[in-house]
Amino acid sequence: MTEVFRAIGLGKSYPGVRANDDVSFAVSAGEIHALLGENGAGKSTLVKMIYGLVRPDDGQMQLSGAEYLPADPRAARAAGVAMVFQHFSLFDALTVAENIALGMENPPPRRELSRRIAQTSSDYGLPLNPNRRVATLSAGERQRVEILRCLLQSPRLLIMDEPTSVLTPQEAEILFATLRKLAGTGTAILYISHKLEEIRSHCDSATILRHGKVVNTVTPRDHSARALAAMMVGAEMRTVDRSNRQAGAPVLEVSHLSLDAPTAEGTRLQDISLELRAGEILGVGGVAGNGQEELLSALSGEALSPAGTVLLEGQDLSRKGPETRRQAGLLAAPEDRLGHAAVPEFSLTENTLLTGANRQGLVRRGLIDPGAARRFAEAVITAFDVRTPGPGTAAGALSGGNLQKFVIGREVLGKPRVLVVNQPTWGVDAGAAAAIRQSLLDLARGGAGVIVISQDLDELLELSDRFAALNDGRLSPPRATEGLTIEEIGLMLGGAHGMEVAHVEA
Amino acid sequence: MLRLEPRASASLGWQIATPVLAVLATMIAGGILFAALGFDPLAAIRTIFWDPLFGTAAGYSRPQLLVKAGPLILIACGLALGFRAGIWNIGAEGQYIIGGICGAAVALATYPNEGIWIFPAMIAAGALGGMAWGLIPALLRNWFGASEILVSLMLVYVAQRITAWMSFGPLKNPEGFGFPGSRNLQQYEPASNPELIAGTGLHWGVVAAGVALIATWFIVSRHILGFHIRTAGAAPRAARFAGVKPSWLVALCLGFSGALAGMAGLFEAAGPGGQITENFGSGYGFTAIIVAFLGRLHPVGILLGGLLLALTYIGGELAQLTMQMPAASVQVFQGMLLFFILGFDILTRFRIRRVR
Amino acid sequence: MIDPLSVFLMLLGAATPILFASLGELVAERAGVLNLGVEGMMICGALAGFAAAHASGSPALGFLAAAVGGTAISLIFAGLSQYLLTNQVATGLALTLFGLGLTAMFGKPYEGTKAPSMPMGPLGLNWMIWLGLIAVPLVWWFLNRSRAGLVLRAVGENHDAAHALGYPVRRIRVLAIAFGGAMAGLGGAYISIATVLQWTEGMTAGAGWIALAIVVFSRWDPRGALAGAWLFGGVTVLQLRLQAAGVSVPVQLLSMAPYLATILVLVLISAQQKFGRSAGGAAPGSLGRPFHALR
């Protein structure tokens, strides 16, 4: 097979971090090549260099044997490199056609572009109306826009950054069928992910990154998921201890909760009912943007709901704000660490005041007790092994994993009756993720009820006693996790959402 | 080439150093401007920054420092609270005018009665008037989502027309020989805001400014309310998560800063200004915005910033008298100062590195 | 008896400064920049235009100078907000304060002098009124039909995404700010050269702020800016007519009308956006947010 892309000794440093160090690998035509690594391993810096968003400090790149160093993404596109981003690349207020035109160097006139969009989208089984505004599309449809944008340029190298994180298992299967067809036409595909199973079943080869360096390049089919994980993390994966837990009396009852979307882009919650027992972990799965944030807001008290919809141990909290709910024992940790669960510019000590002001007695008659706040911050740091110079450090200076441990620890030490967390280990390294999961299990063992909202199905299966799926603002009836297959979960999440398999002949 | 790298937390050293740098840069840029206009730049800088304090006429100008700094500090204290929360009251000038009118109206209604309650009642009326004027943009934002920036500013122009109407109409001095403008309150003893210690410029407005400084320091650094205000400014979603109601904060910040601006207006109307005239609004409400930024929204900084800008007012007048410098040069100076403060702020938030 | 046609012609004149300034600001805001310095740029244009027209005797040269002057001062804002990442609200305010001071200082010699008279175009309207009317479809076409306009909107909608696709966010924004400055300058000069016919300190009297409100009213659409400017022009003319007719309301109160009307319009349009469920016509996604990319 002909080689399309080769990296030779690529390196990139940021202050205090060597993001990439001596990275070398090659991708051939028709190959789906995985780039595997945990969060912070340097995957995104590497692909940003290939796409011209970041300049390498040293090393070189070759495209079809020729020297390749794009000055910006437009140069990369002109050279035949296309990229499907995980975030940050669509414009909500613009139409599908406009979004696609923006990703092309010399887009044809409007009518011709619409025709080509229709043509290509039907070739690849990715139906899309070119005149719709992106804001009105689902996550899967948005990804189709990104993929179409790339396909219309007939790229030599296609980079896919964590594409399945917004898809149900069924949708992911369809995506891989599309990619396989595309590879069949001779396109090289660089596939970034940390999901071991999909890489094992769909990728031809895999380059594994750890701490910015290449650990190994392997054929993923020849290795077990466990072995791949060990290469990725550099140690045996810790398994969590689920023992000694039993469900008690109901603590939280949500009945027929409906809420309008907070913004035009938000999701409407529709008739959500659930019952959570003491000592139980309820997992709520779903593809991003199906009401996860809205559900957390409705439980934390950031959004109020009609009376009688949220009850904690019989007490109606539906019309009460976050502080009252905290006083009653209903605590929450939102998904976004920077700017929602914590204020990045504030010190850890100050960040304890966000939720601990009254529950931890850090404020008396309106007066802040700085000593008490510092002691509580120190307690969280010690109990959750938060790596930081001290409680005076700004939250934004901590790594994702350490800040997440702090955020979860702050709520766990608040001795909640019920704790609701959203994406507790998103963007967190494996060690911190295991510690956070264990702390949630320990909390449940102590008799609290826990709701874990997550898009990581493996995490939900590992933690939860019962599983429910959020799809378009509706919550499915919970089912016992034991014995649940990935296929069944995928159907609960909404199946393929009307996508069809690519039907072009390669 | 230079590259900016964000700092995790603002550098304390630069936070203190940047206002000083900004003042020095303004002096240099101002000097260049004065030289271009044909003035001796060193003499101009000395006339503005040195002579009011230590020059031959310092005996007259030194008390003016407190007279001018008082309202600036009083207004800036309120504005700083709102700015920290990301609530942009830029209509303090209007609240100042309305406060002055309301306070003066109480005095003129009681004229010529005596009573020690008159002056406190005027202060209350001034504060309430300013607060009401500040609450208009707050409520329009809370109810309809209208921009408080534009509404509060539009209300400045409305307030200016109200003063003009008042000084020609309802509040006109009946014994003023037909001239526009109200009675002079300095000559109506129970309603006047006199110099408390002769030769210092100290009046009740200056005392109020001192109290406001201490109160804002207490709120910002010791009280949970200040924490909520800072959180709302730094991360609005985190504030809501902490249980802060955004609409309550908008009303509080605009109402509070409006009340302080209104009080400043009343102290001016009853004291140094003496009366309501068509041109009662003298720009303190806008200059106080510069004071708040120069002071980095911190009470100690506001104190120093207020004194410095008061100095530029006095020095500017002096330069106008002795050097025939245009009156507006002070305004230019203040505008440049704000540019430099904002520009240098990058040093507190970013590290500047040289790359290859 | 008020002749409706002459009222409409007066309205067109009163609307023109606001129309220019709000079209310029609209383009800047579509690029994601909130420049509150419109008033400052207008007053600079008013003085630069008046001075050049007075010196040369040519109104056309005056307007050219106004556009250059407005652009020049807008570049201060561009440098601070785009390169030193300053807060856009505070920087725009600083620009206004600075512009008012600067023009008060340099405008002294021109007080009491007269501007050369404007040549008339078709229908008894001067050329600047025509130019403003033509600018509306041109700006609309640029934003909605041209490639450059699409890129500009993309930058304003989501600067991170635009950067990820390789578009020069900063350069595009600087150009948009400069255009805003030139248009505000023209609007300001219209007041000094074509309306008042002389220079007085602070003569824009809040027109820049009204233009900012008109941009909100327009829902970031040039056609809406035209409607807003006409509405404002109508209120101004009506108010002047009432003054001239000698109604029993004090002049000072009548002259509040444009400002009160602006507040009212702002409230109505904001309420419609808040309570209406339509997602269209919302502010650009990155409006007012500073952009900094690590490389």
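Which residues touch the most other members of the largest nonpolar core? They are B:Ile75, B:Ala76 and B:Ala292, in a core of 382 residues.

## About the model

This is a predicted model: local features need pLDDT of at least 70, side-chain atom pairs count only at pLDDT 80 or more, and totals for chains, interfaces and linings use all residues. Residues are numbered from 1 along each chain as its sequence is written, while chains are lettered from A and ligands numbered from 1 in the order in which they are written.

## The nonpolar core

A nonpolar core is a set of buried Ala, Val, Leu, Ile, Met, Phe, Trp, Tyr and Cys residues joined through C-beta atoms within 7 Å. A residue is buried if 20 or more other C-beta atoms lie within 10 Å of its own, exposed if 12 or fewer, and partly exposed in between; C-beta atoms are placed from the backbone.

The largest core has 382 residues. Its largest share, 16 residues, comes from helix H8 (residues 169-195) of chain C. Domain 1 (3-233) and domain 2 (250-492) of chain A each give at least three residues. Those domain bounds come from an automatic or database domain assignment.

Look at B:Ala292. Leaving out residues up to four places away in sequence, B:Ala292 touches B:Ala76, B:Leu79, B:Ala80, B:Phe83, B:Leu297 and B:Ile302. Touching, or contact, means that two C-beta atoms, placed from the backbone, lie within 7 Å.

## Chain A

Chain A has 16 helices and 23 strands. These are DSSP runs, numbered from the N terminus: helices are H or I with at least four residues, strands are E with at least two. The C-alpha atoms fill a box of roughly 70 × 45 × 40 Å along the principal axes. Of the 506 residues, 51% count as buried.

A:Leu299 sits in helix H9 (residues 292-300) of chain A. Why is A:Leu299 called buried? Because 28 other C-beta atoms lie within 10 Å. Beyond residues up to four places away in sequence, A:Leu299 touches A:Val310, A:Leu330, A:Ala332 and A:Val420. A:Ser318 is 19 residues away along the chain, yet the two C-alpha atoms are separated by 8.4 Å.

## Where chain C meets chain B

Here 41 residues of chain C contact 37 residues of chain B. Several helices of chain C give two or more residues to its side, including H3 (59-83), H4 (88-107) and H12 (257-275). The largest share, 12 residues, comes from H4(C).
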